[in-house]
Amino acid sequence: MNYSVALVPGDGIGPDVVAQAVEVLDAAGDKYGHVFNYVELEAGGKAIDHTGEPLPADTLEAAKACDALLLGAVGGPKWETLPGHLRPERALLGLRSGLGVFANLRPAALLPQLRAACPLKDEVLIAGSPDGKPGFDLLIVRELTGGLYFGKRGRIEAADREEAAAFDTETYSRAEIKRVLRAGYAAAAVRRKKLCLVDKANVLESSRFWREVAAEVAAAYPEIETSYMYVDNCAMQLIRAPGQFDVIVTSNLFGDILSDEASVLTGSIGMLPSASLGSPEDPLAKNGRPMGMYEPIHGSAPDIAGQDLANPLATILSAALMLRYSFALEKEALAIEAAVGAVLDEGYRTRDIAGRGAPGACEKIVGTRAMGQAVLKALENIK
Ligand code: IPM
Ligand code: MG
């Protein structure tokens with residue numbers, strides 16, 4: 001089958017890592033008989049340089065017409081002094097809301113090959129772990145197109161300078177809460193069947209509303225164990241006993257914060273992919289599959305851009321998520337994930353994940369391109 005993929009390589013190391021992911025996608029296409037047609041688009045710093053805006057209207061329109069979008073990273077010091085609405089990060093927010101991708105899936109698991117990258121002790125990793133072994137495998141489902149990020153905000157001027165103020169608001173509708181919870185339950189159903197709603201219901205009215213709606217939605221998923229946790233406690237539990245979590249569903253802001261915390265536990269931000277999904281009922285959905293935007297969790301790392309140093313694995317794994325969620329190509333997604341596992345087993349490491357395995361482990365330190373090539377080779381050998 002043919003699929004159209006919008007590519008936004010973006011800034012910094014974005015183009016370095018996206019180039020490798022495209023090679024891996026094409027190899028998976030050749031192996032399994034699919035064709036990916038790419039539409040390269042500009043957003044972020046590059047778009048600011050060329051058009052003056054972080055997200056030109058034609059970029060968004062072209063992205064909407066594609067089946068899915070793969071993004072590298074946006075931003076860099078060059079654009080940091082621009083006013084808020086003109087910064088490269090606005091492109092991310094504009095794509096998220098423009099494409100309606102409200103459910104942001106951010107997996108964080110401890111890979112045995114990178115055990116030493118996790119700053120936690122064995123005893124902490126054993127507490128709450130499902131199999132009693134040191135480790136964790138959790139998925140944060142972050143609401144991505146509402147809440148504080150998109151709520152009413154503003155400034156209140158006052159004659160007395162000290163009375164001048166600013167505000168941001170957290171507003172969530174029942175429909176917005178329901179759809180992201182359903183995405184969380186769908187994910188939990190094919191995992192360990194546990195869902196924890198993380199909020200601040202002891203203080204915030206919006207959080208109390210989330211809990212009310214969650215009670216309604218939970219009734220439809222009796223096989224899934226639903227629990228509730230305050231976000232401050234969750235921040236602590238993540239470093240006390242991360243193994244207790246399966247799926248965490250939370251608001252935009254809390255998800256932003258907790259997913260950074262969780263990424264540190266894996267010790268390798270260069271490894272973490274993400275998927276942002278819309279609704280299968282949305283007009284942008286293609287063939288009943290939701291619109292999806294896929295990107296590594298890491299940023300644009302301008303200091304190492306173009307030097308063949310970046311770790312391409314998070315973007316390659318994001319491409320695998322695209323095959324799974326946007327194209328329903330599960331076998332192909334698993335093959336790419338297995339190929340990444342195989343290169344780690346073989347000892348291939350980019351600089352950011354070097355020296356993180358068992359002491360004395362035999363490692364081959366490679367650059368971006370060689371890592372991509374190693375994945376291609378491993379993919380050939382997957383049955
Ligand atoms: C993320 C990032 C973005 C966010 C920034 C760059 C706007 O931190 O994707 O987590 O806050 O959502
Ligand atoms: Mg963030």
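Trainee: How far apart do the centres of the positive and negative side chains lie in this chain?
Mentor: Bear in mind that this is a predicted model: local features need pLDDT of at least 70, side-chain atom pairs count only at pLDDT 80 or more, and totals for chains, interfaces and linings use all residues. As for conventions, residues are numbered from 1 along each chain as its sequence is written, chains are lettered from A and ligands numbered from 1 in written order, and side-chain values use heavy atoms, without hydrogens or water. Lys and Arg count as positive, Asp and Glu as negative, with His and chain ends not counted, and each charge is placed at Lys NZ, Arg CZ, Asp CG or Glu CD. With 39 positive and 50 negative side chains, the two centres are separated by 4 Å.

Trainee: What is the radius of gyration of the chain?
Mentor: The chain holds twelve helices and 14 strands (DSSP runs: H or I of at least four residues, E of at least two, numbered from the N terminus). It's as compact as a globular protein of 383 residues, because the globule rule (2.2 Å times the residue number to the power 0.38, C-alpha atoms) gives a value close to its own radius of 21 Å.

Trainee: Is Met-271 buried or exposed?
Mentor: Met-271 sits in the loop between helix 9 (252-266) and strand 11 (273-277). Beyond four places in sequence, its contacts (heavy atoms within 4.5 Å) include Leu-111, Asn-311 and Val-340. Its relative accessibility is 4%, and the cut-offs are under 20% for buried and over 50% for exposed, partly exposed in between, with a 1.4 Å probe and protein chains only. So Met-271 counts as buried.
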